[in-house]
Each structure stands twice: as C-alpha cells, then as structure tokens.
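These notebook entries record what I looked up in one structure, in the order in which I took up each topic.

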Amino acid sequence: TYNYATYTDSCLSTPPAGPVFEDPCFAWMHGDVQKEITTTWVGMVGPGVRNLGEFNAVWSDHTDVRPTILALAGLTDDYVHDGRVVAEWLHGSALPDGIRDRQENFTELARVYKQLNAPLGQVGRSSLVWANRSVNADDKTYAAYLKRIGDITEDRNELAGRIRTVLDNAAFHNKPVGEGAEDGLGERARALIDTVKDLADRN
C-alpha cells in the first residue's frame with residue numbers, strides 16, 4: 001500500500017506507483033458519500049472460494065463479510081446478521097444446503113435486500129437526495145418530507161427485517177428461499193425502492 005502521509009510534495013506532482021493508492025489531495029471527511037470513502041474491497045482465498053480475480057460484479061458491503069466466512073466455515077451464530085452470505089463468491093459445493101438448493105432465489109432476494117437496507121443502497125442514496133432537497137425548501141415541504149420519510153422508514157425496517165430472517169434461515173437453518181418468499185418480499189422491496197427513487201427524482 002502507499003501511505004499518502006509520506007507524500008508531502010505538491011498535489012500536482014505524480015505520486016509513486018503502487019498496488020493501492022488513494023489521492024493525497026482528497027479531503028477525507030468520514031461520514032460522507034464520496035467514492036473514495038465508501039468504496040472498499042475484500043480479498044478472499046481458500047477452500048470453497050471461487051478464483052474470480054478482481055471481481056466487481058457483486059454489490060456488497062462490510063456487513064456481508066462475517067456471514068460469508070461463517071457459512072464457509074460451517075458455523076452458525078445466535079443472532080441474525082445485517083449482511084448476507086455472498087454466494088456469488090463461493091463454489092456451489094461450499095454453499096450451505098439452504099442456499100445451494102435455491103441459489104437463484106437466494107441471490108435475487110439478497111441483492112434487492114442490499115439496495116433496500118444498506119446505507120449506500122438505492123434507498124439510502126435516493127433518500128439522501130430527497131432529504132437535501134427538502135431541507136433547502138420551505139417549511140411546509142420539509143414537514144411533509146419528515147412525515148413521509150418516517151412512514152417509509154417504518155415500512156423499510158419491517159420489510160428488511162423479514163427479508164433478513166429469510167436469508168439467515170437459508171444460510172444457517174437449511175430453509176431455502178422459496179419462490180413465494182422471493183416474489184412477495186422481493187416485489188415489495190422493489191416497489192419501495194422505486195417509490196423513494198421517484199421522490200428523489202422530482203423537481
């Protein structure tokens with residue numbers, strides 16, 4: 001890695017090349033949403049892990065690492081994770097039976113769950129746009145926003161909790177994701193995602 005703290009020349013100079021580099025001119029402000037702050041990586045290797053090389057096709061975040069490792073190790077926990085097993089990284093033979101039996105259903109529901117519930121998922125990003133616009137509007141608009149986002153948050157929390165339980169049951173309790181669960185919960189999640197996006201896109 002390259003430690004930008006050792007790079008004290010001008011920001012216009014070319015820093016030394018290295019396997020990992022963050023722009024030394026970037027103003028780090030944790031809690032914001034710039035790509036330089038929110039993009040992270042994980043490296044996995046070992047029995048059961050697919051040899052994918054650099055692989056950016058799966059949208060995931062920190063909460064997915066622990067359940068994925070537990071599933072690989074054949075372990076369970078006594079609580080339901082916020083993340084999900086990233087089945088796309090693993091060989092079919094290494095997947096828990098509850099995922100392997102209906103992997104497509106699991107993966108589809110898991111992907112929509114991340115867009116619904118992760119801070120940088122579609123709902124999180126859209127609600128940030130909507131919130132910023134509402135804060136800069138008049139009092140009536142802001143009050144209407146607070147009421148609507150409160151209702152949406154309740155719906156999101158209830159729905160995310162149900163999906164999280166279904167994904168956890170597949171990964172750690174040998175209960176595959178059935179077509180009904182994916183259709184019902186997945187469709188509700190997609191509808192809520194679309195609603196928040198529409199609210200964010202309004203002028």
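This is a predicted model: local features need pLDDT of at least 70, side-chain atom pairs count only at pLDDT 80 or more; totals for chains, interfaces and linings use all residues.

Entry 1, on helix axes.

I noted the crossing of H5 and H6 as left-handed.

Which residues of H5 and H6 meet? From H5 I listed Ser-127, Trp-130, Ala-131, Ser-134 and Val-135, and facing them in H6 I listed Tyr-142, Tyr-145, Arg-148, Ile-149 and Ile-152. Sorted by class, the contact of H5 with H6 has 7 nonpolar, 2 polar and 1 charged residues.

Is Ser-134 buried or exposed? Its relative accessibility is 3%, so Ser-134 counts as buried. Not counting residues up to four places away in sequence, I found Ser-134 touching Tyr-142 and Tyr-145.

I counted 7 helices and 0 strands in the protein chain. Read from the N terminus, the elements run α-α-α-α-α-α-α. Of the 203 residues in the protein chain, 34% are buried. I also looked at contacts between residues at least 6 apart in sequence, and 61% of these join residues at least 24 apart.

I examined two residues here. Trp-41 lies in the loop between helix H1 (35–38) and helix H2 (65–73). With a relative accessibility of 69%, Trp-41 counts as exposed, because the cut-off for that class is over 50%. I noted 9.4 Å between the C-alpha atoms of Trp-41 and Ser-60, which stand 19 residues apart along the chain.

Asp-64 has its place in the loop between H1 and H2 too. What does the side chain of Asp-64 reach at 2.9 Å? I found the backbone nitrogen of Arg-84 at that distance. A polar contact, also of 2.9 Å, joins the side chains of Asp-64 and Lys-114. Leaving aside neighbours within four places in sequence, I listed Gly-83, Arg-84, Val-86 and Lys-114 as in contact with Asp-64.

I found Asn-174 in the loop between H6 and helix H7 (179–201). Phi of Asn-174 is near 55°, which I marked as a positive value in a residue other than glycine.

Lys-175 lies in the loop between H6 and H7 as well. Its relative accessibility is 48%, so Lys-175 counts as partly exposed. Which residues does Lys-175 touch, not counting those up to four places away in sequence? I listed Gly-98, Val-166, Asn-169 and Ala-170. Lastly, I noted that Lys-175 and Asp-97 are 78 residues apart along the chain, with their C-alpha atoms separated by 8.2 Å.

Definitions and conventions. Residues are numbered from 1 along each chain as its sequence is written. Side-chain values use heavy atoms; hydrogens and water are left out. Helices (H or I, at least four residues) and strands (E, at least two) are DSSP runs, numbered from the N terminus. Buried means under 20% relative accessible area, exposed over 50%, partly exposed in between (1.4 Å probe, protein chains only). A polar contact is a pair of N or O atoms within 3.5 Å; within protein, one must be able to donate a hydrogen and the other to accept it, and residues adjacent in sequence count only if both atoms are side-chain atoms. Contact means heavy atoms within 4.5 Å. A crossing is left-handed if the near helix is turned anticlockwise from the far one by less than a right angle, and right-handed if clockwise. Ala, Val, Leu, Ile, Met, Phe, Trp, Tyr, Cys and Pro count as nonpolar, Asp, Glu, Lys and Arg as charged, and the others, Gly among them, as polar.
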